[in-house]
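Points are grouped by topic.

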Amino acid sequence: MHRGISWSNDGGDSWTSPLYLAGTLIDPIVYGAMTTDAFGTGSMLVFTNPSSPTKRVNLTMFSSIDGGLTWEFAVTLDNRSAAATYSSVVQLPNGSYVVQWGVGATHAHKCLGTDCGAVQAVVGFTTPRGG
């Protein structure tokens with residue numbers, strides 16, 4: 001499977017069709033997260049998801065500088081065999097990104113970034129357990 005993308009030019013009242021399947025965004029049909037470069041030019045998109053065709057593993061970050069037409073690999077965040085689920089990504093005012101995701105059958109949360117404690121105030125989830 002691949003991540004489907006659609007665009008809106010009218011604030012979400014209508015969307016492009018057919019759905020564009022991004023060839024580099026392999027996806028096992030699970031929630032992913034996207035944000036813009038809000039504290040920079042605003043022209044870069046950042047996307048996180050489990051990059052596997054069939055399993056929720058290999059949590060990866062990708063970036064796009066052309067509005068989501070093409071995506072480039074940025075970094076593997078978690079390549080363990082435990083499930084990597086339901087990621088969230090935010091950009092902090094200092095320009096760094098923080099990613100939070102569920103890990104394994106217990107769904108313990110993991111956070112990766114320069115200041116994971118600041119994320120609690122930004123997006124309102126609890127302090128990550130286990131790292």
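In this predicted model, the hairpin formed by strand 7 and strand 8 has five residues between its strands, and Gly95 there adopts a positive phi near 95 degrees. The two strands pair in the antiparallel sense over six bridges. Strand 7 covers residues 84-91 and strand 8 covers residues 97-103.

- Strand 8 is mostly covered, as seven of its seven residues are buried.
- Burial extends to both faces of strand 8: one side carries Tyr97, Val99, Trp101 and Val103, while Val98, Gln100 and Gly102 lie on the other.

**Nonpolar cores**

- In soluble globular proteins, nonpolar side chains tend to be buried together.
- The largest nonpolar core here comprises 11 residues, namely Ala33, Val46, Leu59, Met61, Leu77, Ala84, Val89, Tyr97, Val99, Trp101 and Val103.
- Strand 5, strand 7 and strand 8 are the elements that each give two or more residues to this core.
- Strand 8 supplies the largest share of this core, with four residues.
- Another core, of seven residues, lies apart from it and includes Ala22, Leu25, Leu45 and Phe62.

- An open sheet is built from four strands in the order 3-4-5-6, with antiparallel pairing.
- Its edge strands are strand 3 (33-36) and strand 6 (72-78), each of which pairs on one side only.
- From one strand to the next, the twist averages 20 degrees.
- Strand 5 (residues 59-64) pairs with strand 6 in the antiparallel sense over five bridges.
- Phe62, listed above in the seven-residue core, stands opposite Phe73 in strand 6.

**Asn49 in strand 4**

- Asn49 belongs to strand 4, which spans residues 45-50.
- Is Asn49 buried or exposed? Asn49 is buried, because its relative accessible area of 0% falls under the 20% cut-off.
- The side chain of Asn49 reaches the backbone oxygen of Ile26 at 3.0 Å.
- Beyond its neighbours within four places in sequence, Asn49 is in contact with Arg3, Ile26, Asp27, Gly32, Asn58, Leu59, Thr60, Phe62 and Ser87.
- Among these contacts of Asn49 are Leu59 and Phe62; Leu59 is a member of the largest nonpolar core, whereas Phe62 is a member of the core of seven residues.

Technical notes
Residues are numbered from 1 along each chain as its sequence is written. This is a predicted model: local features need pLDDT of at least 70, side-chain atom pairs count only at pLDDT 80 or more; totals for chains, interfaces and linings use all residues. Side-chain values use heavy atoms; hydrogens and water are left out. Buried means under 20% relative accessible area, exposed over 50%, partly exposed in between (1.4 Å probe, protein chains only). A polar contact is a pair of N or O atoms within 3.5 Å; within protein, one must be able to donate a hydrogen and the other to accept it, and residues adjacent in sequence count only if both atoms are side-chain atoms. Contact means heavy atoms within 4.5 Å. Two strands pair if DSSP finds at least two bridges between them. Axes are lines fitted to C-alpha atoms, for helices over the stretch in contact, and angles run from 0 to 180 degrees between N-to-C directions. A nonpolar core is a set of buried Ala, Val, Leu, Ile, Met, Phe, Trp, Tyr and Cys residues joined through side-chain atoms within 4.5 Å.
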